[in-house]
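Subject: Structure for your files

Hello,

Here is the structure you were going to look at. My notes on it follow below.

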Amino acid sequence: MSISNDKWLWWKDGVIYQIYPRSFYDSNGDGIGDIRGIIEKIDYLEYLGIDAVWLSPINRSPMDDFGYDIKDYRRIESIFGTEADFDELIKKFHDKNIKIIFDLVMNHTSSSHLWFVESRSSKTNPKRDWYIWQKARRGKYPNNWRAAFGGRAWEYDKITGEYYLHSFLKQQPDINWRNKELRDAVFEDIKFWLDRGIDGFRLDVVNWFIKDEKLRNNPYMIGYSPRVYDMQNHIYDRNRPETHDVLKDFRKLLDNYSERMSVGEVFSPPPGDPRLSSEFLGNGKDQLDMAFDFSLMYVKWNAKTFYKKISNWLELIPSGGWPCHVLSNHDQPRQASRFYKKNYTDERCRILAVLLLTLKGTPFIYYGEEIGMRDGKISRSKLRDPLGKKYWPFFKGRDPERTPMQWKNADNAGFTCGVPWLPVNRDYWKRNIDKQIHEKNSLLNLYKYLIELRRKEYNLRRGEIVFLEKGDSGVLSYMRGDEFEIALNFDNGVKQYFPRSHDSEIVFSTEMFSKVTESKILQPYEAVIIRHNQQRNS
Ligand code: NOJ
C-alpha cells in the first residue's frame, strides 16, 4: 500500500469553500449578507465538512466593484459588520478548526484610499510614485493600453494634469509595485492580517501586479472577442517577469508564520493558460503555494477535453508544487448553467462533484455549487455589476452567479428578511439547502459524503494520479494511489467498463451502487469510486 506518513496540511488535504459575503446570509435584514450571517451558518459549514473558507473582500470599500476596490486594508467594511464581529468569526471558525482565507486585492486600491488621495494631490507628494502617473504623449494617452472593464486604461486627472493607470474601473487605480516604499506598506498591511490570525490569501489578479517599465504599447492580435481589449496581446500590462520577484518576497513573509497559504488568481481569457498559472508557483516552494487554472471554466462538456485540460495542468505543476482545481467562482457563470443539459444538468453536477473531490489537488467549492445553484436571471433594472451595466445586453455581467444563497423554501430563500441586494433565483423553492439536507441522495449530501471520504482516505488526497480511460469513449477514469479507481461516464448512454482489478469493490456510485464489478456497465452519467482490495490488504 502506498500510504506514506505525510502530515495533514489543511490547504493540501482540506477542501476550501468560497463565500461571496454579500450573498451568503444576511443577519440584520438590510438585504446584504454579512459577517454575523457567516457566523450563524457555521453549523452548516461544519455539516458540509469543509476545512477553510475564502471570503471575497470584506475590507472597507466604496463598493464600485463590490469590494474589489479597497479603501482601507486594515478595516472591516461596516456593511459587513464590526471589527468585533470579525474577531468573533476568527475565534469561532478556529475553534471548529476551519481556516480563514482573505482576498488580497493588491493590483489596485480604491480611488478613495488615502494613498491615492495623497498621490493625486500634487506631483511632489511623497506618495506620488505609489501609483502609475504619466504625462500625455503627443497630446494623447500615454500608450494604447485598455482597461479590462472597458475604455482606456488611463484616466486624466485635472488636479495635476496627468493620467493615472487603472487596469479595471477608473475608481481602481493600479498601485506601483516597483516603488519600494509602497511595497513595504503593502507588506505591512499583509502582516497586520497574518498577526490577526488570517490563515491564507487569495491574490486577486496576481499576474497584473507589475507593468512594463517603459510602458510600451501592446501589439494587436486576433482576439477571442471584438472588444479592443481582447484584441491586444497583453505582453506589457500583464505577466511581467518582475512579478515573480514580488512573489518571492511575499513568500518569505508568509514563511515567517506557520502553515499559512497563498493561492493566486492568474487571469487568462478563454481557453485558459495553465502554463502561465504554473509559472506563479516558481520552483514549487518559492512563490505561491497554489494558483488557479481556469481552463475547466471555459471547456465544453466532453470527457476527452476534460482529460486533456486536467492532465495538462497536472503535468505543469513544478515538483514540490501542489495543484488546485476550481469549477466556479464569482466571475464566471456557474457550472450548473455552463453545463446545462435539459433533464441531465443535475447528473452532470454529480459527475463534476466526484471529479473535483477525487482529483489530485485542493478542491475549491463556490457557495451554492453543492446544491447545484444555477445562474439567476437578472433584469436590466436590477443589475448591480458595473460590467453588466456597461455591456448589457451583449454581456450581462456577473450578477447571475452572485445571487443569494438558497437556504430554504421561504421568502427570499431564507437569505434575508429584507429586500435582497440581488434577486433570489426563482428556483429556490425546489433547490435549497434545507430540502437537500433532508434528501439522502441529494447533491448536497453527495458533496458531504465525498468530502468525508476524502478526509478519511489518504490516497484520495495525496495518492498519485494515473489516467486510465482518456475520454475517447466518453468515459474518464483514473487511479489515485494504487487503491482507488474512479470512473466517470460523461455520456448519456450505457458504457462497458472494466475495473483494473478483479478483486475490487464499489465504495461509491452516483447510481446508488449499480453493479459495475459484476456486469461491467456504467449507467448514463454514472460516476463510481472503486477500491482495489488486493492493494489495500497487501
Ligand atoms: C478579479 C476579481 O475576481 C473580480 O471580481 C474583480 O472585479 C477584478 N479582479 C478586479 O479586482
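Asn 239 counts as partly exposed, because its relative accessibility is 29%, a value that lies between the 20% and 50% cut-offs. Please keep in mind throughout that this is a predicted model. Asn 239 belongs to the loop that runs between β9 and α7. Its phi is near 60 degrees, which is a positive value in a residue other than glycine.

The loop between β9 (200-203) and α7 (243-255) also holds Leu 215. Phi of Leu 215 is near 50 degrees, again positive and again in a residue other than glycine. Is Leu 215 buried or exposed? Leu 215 counts as buried, because its relative accessibility is 7% and the cut-off for buried is under 20%.

**Cis peptide bonds**

The bond from Pro 270 to Pro 271 is cis, and its omega is near 10 degrees. Pro 271 sits in the loop between β10 (261-264) and α8 (274-279). Trp 392 and Pro 393 are also joined by a cis peptide bond, with omega about 0 degrees. For Pro 393, the loop in question is the one between α13 (386-391) and α14 (433-438).

**Nonpolar cores**

The largest nonpolar core has 141 residues, and the members that touch the most others are Tyr 17, Phe 86, Phe 201 and Phe 306. Helix α12 (residues 345-358) supplies the largest share of this core, with eight residues. Apart from this core lies another one, of nine residues, including Ala 148, Phe 149, Val 205 and Tyr 391. In soluble globular proteins, nonpolar side chains tend to be buried together.

Which residues does Phe 86 contact, leaving aside its neighbours within four places in sequence? They are Ile 35, Leu 55, Ile 58, Ile 76, Phe 102, Trp 193, Arg 196 and Ile 198.

**Helix α5**

Helix α5 covers residues 114-121, and Trp 115, Phe 116 and Ser 119 are buried in it. Viewed down the axis of α5, the buried residues fall within an arc of 90 degrees, so they line one face of the helix. An α-helix has 3.6 residues a turn, so residues three or four places apart point the same way. The elements that cover the buried residues of α5 include β4 (72-76), β6, β8 and α6 (180-195).

**A three-stranded sheet**

Strands β6 and β8 also belong to an open sheet of three strands, in the order β6-β8-β7, with antiparallel pairing. Its edge strands are β6 (133-134) and β7 (154-157), each of which pairs on one side only. How many bridges link β7 and β8? Strand β7 pairs with β8 (residues 162-165) over four bridges, in the antiparallel sense. Across this pair, Trp 154 stands opposite Leu 165 in β8. Strands of a sheet pair through backbone hydrogen bonds, either parallel or antiparallel.

**Cysteines**

A search of the whole structure for disulfides finds zero. Cys 349 is buried, because its relative accessible area is 3% and buried means under 20%. Cys 417 counts as exposed, because its relative accessibility is 73% and the cut-off for exposed is over 50%.

Regards

Technical notes: Residues are numbered from 1 along each chain as its sequence is written. This is a predicted model: local features need pLDDT of at least 70, side-chain atom pairs count only at pLDDT 80 or more; totals for chains, interfaces and linings use all residues. Side-chain values use heavy atoms; hydrogens and water are left out. Two strands pair if DSSP finds at least two bridges between them. Helices (H or I, at least four residues) and strands (E, at least two) are DSSP runs, numbered from the N terminus. A nonpolar core is a set of buried Ala, Val, Leu, Ile, Met, Phe, Trp, Tyr and Cys residues joined through side-chain atoms within 4.5 Å. Buried means under 20% relative accessible area, exposed over 50%, partly exposed in between (1.4 Å probe, protein chains only). Contact means heavy atoms within 4.5 Å. A disulfide is a pair of cysteine sulfur atoms within 2.5 Å. The arc is that of the directions from the helix axis to the C-beta atoms.
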